[in-house]
Amino acid sequence: MDERQLEMIETAADWADRYDDLDEAGRRELARWLEQSPEHGRTFARMRQMLQDGALAEALESTASVVEVPIPVLPRQRPSAMRPGLRRTGQEAPGLGRRQALAAGLAALAVVPLGSYFLFRNDKDVPASPLRFASAVGKRRHFTLPDGSGLLLDAASSVAVHFTADMRAVELERGAARFDVRHDAARPFEVRTPGASMTALGTSFSVDRLTGASELRVFSGRVRMAADGHDAFVVPAREWALFDGSATSRGNFDAETRPDWQNDWLDADSMRLGFAIERLARYSETPIRLGDPALASRTFSGRFRLDRPEQSLALIGALFGLEASRRADGIYLVTA
């Protein structure tokens, strides 16, 4: 590995380490650096993968910025060689710091080709591997995507982001997410769930992945929704659409007062009981389930706290003569 590669790896490590704290100017600077070379994108993506590895992150944090990584030893860059905007503020730690440890970790792995990792993929022959963003049970999280678009994940949710030179694709792997999309006419922004895809037409919208269904809510602008086996249609602001695998239902909502899960509330308007249970479960450390799956299709309306899942479960259950029963593997809603 030569000096240029080591410098590139350390720069990528710095960007990856500071990524969640970057402001808009920092995002633009990162984008410019990534566009300089596909290798920058691949290395940055690999760094993000490493940071999202729970064991690595725990090790980096637990050692108070001093991590002993025996090989390889990275030469410290001369101050004049460093980009002014790339330095973390704070105290210099003795030994190998968090960023250097991260860079050294990737350098140690660099004997393996990095070709399977990318962010902005200009090389069509490079296989795609996405960036992933996730949230824990009971915790919503904000992110800024590499193109500057905003991402808000509902609790217990995750997405895989595939950005290329001509496309911005996001796979909603579980849960729900809101997207505040930065306009880029050359690169459409598309969110995919099993059975449906939603393409932003300059907008803010959320997508909820449910069992056998996908729900779209548009807060501003318009979104084109395409469901498998059905004609695509455009959903304007303040409307929602739900595709359940066979049919699509649509309705209106108040985006200002009823943003749904974004303000700790479950706003049910003829909501299926099964969908409500899925949404409450994202905020409960203890799994929440229906005792009888046949109950899932029952519907109800009302407003319930998401951040108090057990209390809301009891209230919703009472509407149907059901009660919450705690068992070894979770809380079940069963006939009273």
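How many of the eight residues of strand S10 (residues 213-220) are buried?

Author: The structure is a predicted model, in which local features need pLDDT of at least 70, side-chain atom pairs count only at pLDDT 80 or more, and totals for chains, interfaces and linings use all residues. Residues are numbered from 1 along each chain as its sequence is written, and side-chain values use heavy atoms, with hydrogens and water left out.

Seven of the eight residues of strand S10 are buried, so the strand is largely enclosed by the rest of the structure. Buried here means under 20% relative accessible area, exposed means over 50%, and partly exposed lies in between (1.4 Å probe, protein chains only). For the protein as a whole, 49% of the 336 residues count as buried. The protein has seven helices and 19 strands; these are DSSP runs numbered from the N terminus, helices being H or I with at least four residues and strands being E with at least two.

The strands that pair with S10 come next. Two strands pair if DSSP finds at least two bridges between them. Strand S9 (residues 204-210) runs antiparallel to S10 and is joined to it by seven bridges. Within this pair, leucine 210 stands opposite alanine 213 of S10. The hairpin of S9 and S10 has two residues between the strands, and glycine 212 there takes a positive phi near 75°. S10 also pairs with strand S13 (residues 239-243), in the antiparallel sense and over five bridges. The bridge partner of serine 214 is phenylalanine 243 in S13.

Aspartate 260 has its place in the loop between strand S14 (248-252) and strand S15 (265-272). Aspartate 260 counts as buried because its relative accessibility is 3%. Apart from its neighbours within four places in sequence, aspartate 260 is in contact, meaning heavy atoms within 4.5 Å, with Glu215, Arg217, Trp265, Leu266 and Asp267. Across the protein, 53% of the contacts between residues at least 6 apart in sequence join residues at least 24 apart.

Other strands form an open sheet of seven, in the order S1-S4-S5-S7-S8-S11-S12, with mixed pairing. Its edges are strand S1 (131-134) and strand S12 (233-236), each with a single partner strand, so one side of each is left without a neighbour in the sheet. From one strand to the next, the twist averages 25°. Within the sheet, strand S7 (residues 189-193) and strand S8 (residues 196-200) pair in the antiparallel sense over four bridges, and threonine 193 stands opposite alanine 196 of S8.

A further open sheet has three strands in the order S16-S19-S18, again with mixed pairing. Strand S16 (288-290) and S18 stand at its edges, each with a single partner strand, so one side of each has no neighbour in the sheet. Here the twist averages 30° from one strand to the next. S16 pairs with strand S19 (residues 330-335) in the parallel sense over three bridges, and arginine 289 stands opposite tyrosine 332 of S19. Helix H6 packs on this sheet, touching S16, S18 and S19, and its direction makes about 165° with that of S16.

Alanine 324 lies in strand S18 (residues 322-327) and is partly exposed, with a relative accessible area of 38%. Leaving aside neighbours within four places in sequence, alanine 324 is in contact with Leu313, Ile331, Tyr332 and Leu333.

H6 is itself mostly covered, with seven of its nine residues buried, including Phe275, Ala276 and Arg279. The axes of H6 (residues 273-281) and helix H7 (residues 309-319) come within 10 Å and cross at roughly 165°. That makes H6 roughly antiparallel to H7, a description used for angles over 145 degrees. Such axes are lines fitted to C-alpha atoms, for helices over the stretch in contact, and angles run from 0 to 180 degrees between N-to-C directions. The contact is made by Leu273, Ile277 and Leu280 of H6 with Pro309, Ser312, Leu313 and Ile316 of H7. These residues divide into six nonpolar, one polar and no charged; Ala, Val, Leu, Ile, Met, Phe, Trp, Tyr, Cys and Pro count as nonpolar, Asp, Glu, Lys and Arg as charged, and the others, Gly among them, as polar.

Technical notes. Angles under 35 degrees count as roughly parallel, over 145 as roughly antiparallel, 65 to 115 as roughly perpendicular and the rest as oblique.
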